[in-house]
Amino acid sequence: MDLLHPQLSAFAAIIEEGSFEAAARRLSVTPSAVSQRIKALEDRLGQVLVLRQAPCKPTDAGQRLLLRLRPMQALEVEAMADFLPEEVRRSQSRPIGIAVNDDSLHTWVLPALATLHERHGYFFDVRVDDQDHTLGHLREGAVLGAITSERKALQGCNVYPLGRMRYHAIASPGFARRYFPQGMDAASLARAPMIVFNRKDDLQARYVRRITRAQLAPPVHYLPTSTGFVEAAGLGLGWCLAPDLLVRAARAAGEVIFVDEGRTMDVPLYWQCVSVHSRTLEDIGRALRDTAANALRPSTGEA
């Protein structure tokens, strides 16, 4: 049973499933019925909402609608809780979209999600992106909340500080002896291979600018895996910045070292979520804050 208008449910299903056919299967109707509902919704709003491609994507107007629709879906489940508990349990299997940076996902976020699933039965649709870009998923309406490095709240959203993730420059002992015998400076950093998560990731570049005050162009490996960063550094592929939460075991085993013991980079993290009175979002925010308090360094007091 849905409290939302069938046209809105069809729109959400298409975006989440990626096609009219998959949405029809989820809604237990025909693809023709889904198509008719979307056409009626687009006619009603006077906007094209869905890009008919593989997979289907929302248009700009569709993204604006999603931004309003996601909180309504969460509130729908909560509104039914006192009347149809069995229906609610089925509805809770609908994944809740959140955007997370890869370093957080592989260090402290998974325990929080596991706790939420055990206590409340929530399921999650996790979108992974750089911490400087996760907010884009919230802005587009693809998720209900995001772990981000952005302190300023989006319009219609709340923001909560989580703590600071500390990064160290690491490399294998042999790599450090070869490229940084006198430490990190402009000359050595310009020629030492650098490992970067992807082309959105400018953390290493910011670190280099902090040291050298110069815009360098070292050789780069692109490696989109946080855990692979540490292994790649240990194998001598290059140097990189990695969170201390991921480095401890490899450092204790002597596979990597801190290239510059006296210099670190702290990245503040925040939880931003849509501003609605929702028990679901309160549960998620509380679990993330509690887990982050035990894993991250304290925030510096900013809100």
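Ser-28 is exposed at a relative accessible area of 68%, where exposed means over 50%, buried under 20% and partly exposed in between (1.4 Å probe, protein chains only). This is a predicted model, in which local features need pLDDT of at least 70 and side-chain atom pairs count only at pLDDT 80 or more, while totals for chains, interfaces and linings use all residues. Residues are numbered from 1 along each chain as its sequence is written, and side-chain values use heavy atoms, with hydrogens and water left out. The chain has 303 residues, 48% of which count as buried.

**Overall build**

- The chain holds 13 helices and 11 strands, taken as DSSP runs numbered from the N terminus (helices H or I, at least four residues; strands E, at least two).
- Along the principal axes, the C-alpha atoms occupy a box of roughly 70 × 40 × 30 Å.
- Among contacts (heavy atoms within 4.5 Å) with a separation of 6 or more, 74% join residues 24 or more positions apart.

**Backbone exceptions**

- Ser-28 sits in the loop between helix 2 (20–27) and helix 3 (31–45). Its phi is positive, about 60°, although Ser-28 is not a glycine.
- Arg-213 also has a positive phi of about 60° without being a glycine. It belongs to the loop between helix 10 and strand 8 (220–222).
- Arg-213 counts as exposed because its relative accessible area is 73%.
- A cis peptide bond, with omega near -5°, runs from Ala-54 to Pro-55. Pro-55 lies in the loop between strand 1 (50–51) and strand 2 (57–58).

**Helix 10**

- Thr-212 is part of helix 10, which covers residues 203–212. Thr-212 counts as buried because its relative accessibility is 16%.
- The side chain of Thr-212 comes to 3.1 Å from the backbone nitrogen of Ala-214. A polar contact is a pair of N or O atoms within 3.5 Å; within protein, one must be able to donate a hydrogen and the other to accept it, and residues adjacent in sequence count only if both atoms are side-chain atoms.
- Setting aside residues up to four places away in sequence, Thr-212 touches Asp-185, Ala-186 and Leu-189.
- Arg-210 is another residue of helix 10. With a relative accessible area of 39%, Arg-210 is partly exposed.
- Beyond its neighbours within four places in sequence, Arg-210 contacts Thr-264 and Met-265.
- Arg-210 and Thr-227 are 17 residues apart along the chain, and their C-alpha atoms are separated by 25 Å.

**Helix 13**

- Helix 13 (residues 279–295) has 17 residues and spans 24 Å from its first C-alpha to its last, close to the 24 Å expected at 1.5 Å a residue. The expected span is 1.5 Å times one less than the number of residues.
- Ser-278 caps the N-terminal end of helix 13, with a side-chain oxygen 3.2 Å from the backbone nitrogen of Thr-280.
- The buried residues of helix 13 are Thr-280, Leu-281, Asp-283, Ile-284, Gly-285, Ala-287, Leu-288, Thr-291 and Ala-292.
- An α-helix has 3.6 residues a turn, so residues three or four places apart point the same way.

**Cavity**

- On a 1 Å grid over the protein atoms alone, a cavity is a set of points where a 1.4 Å probe fits but cannot get out; a pocket is an open set with protein on both sides within 12 Å along at least five of seven lines, and lining residues have an atom within 4 Å of a point.
- One cavity of 30 Å³ or more is counted.
- The largest cavity has a volume of about 170 Å³, a volume being the space filled by probe spheres set on the points, which are joined across faces, edges and corners.
- Its lining has 18 residues, with Asp-103, Tyr-167, Phe-197, Asp-201 and Ser-226 nearest the centre. Helix 6 (102–120), helix 10, helix 11 (226–234) and strand 9 (240–243) each give two or more residues to this lining.
- By class, nine residues lining the largest cavity are nonpolar, four polar and five charged. Ala, Val, Leu, Ile, Met, Phe, Trp, Tyr, Cys and Pro count as nonpolar, Asp, Glu, Lys and Arg as charged, and the others, Gly among them, as polar.

**Second largest pocket**

- The second largest pocket holds about 280 Å³ of space.
- Its lining includes Leu-67, Arg-68, Leu-138, Arg-139, Cys-157 and Val-276. The elements giving two or more residues to that lining are helix 4 (60–80) and helix 7 (134–139).
- Helix 4 supplies the largest share of the lining, three residues.
- The lining of this pocket divides into seven nonpolar, three polar and two charged residues.
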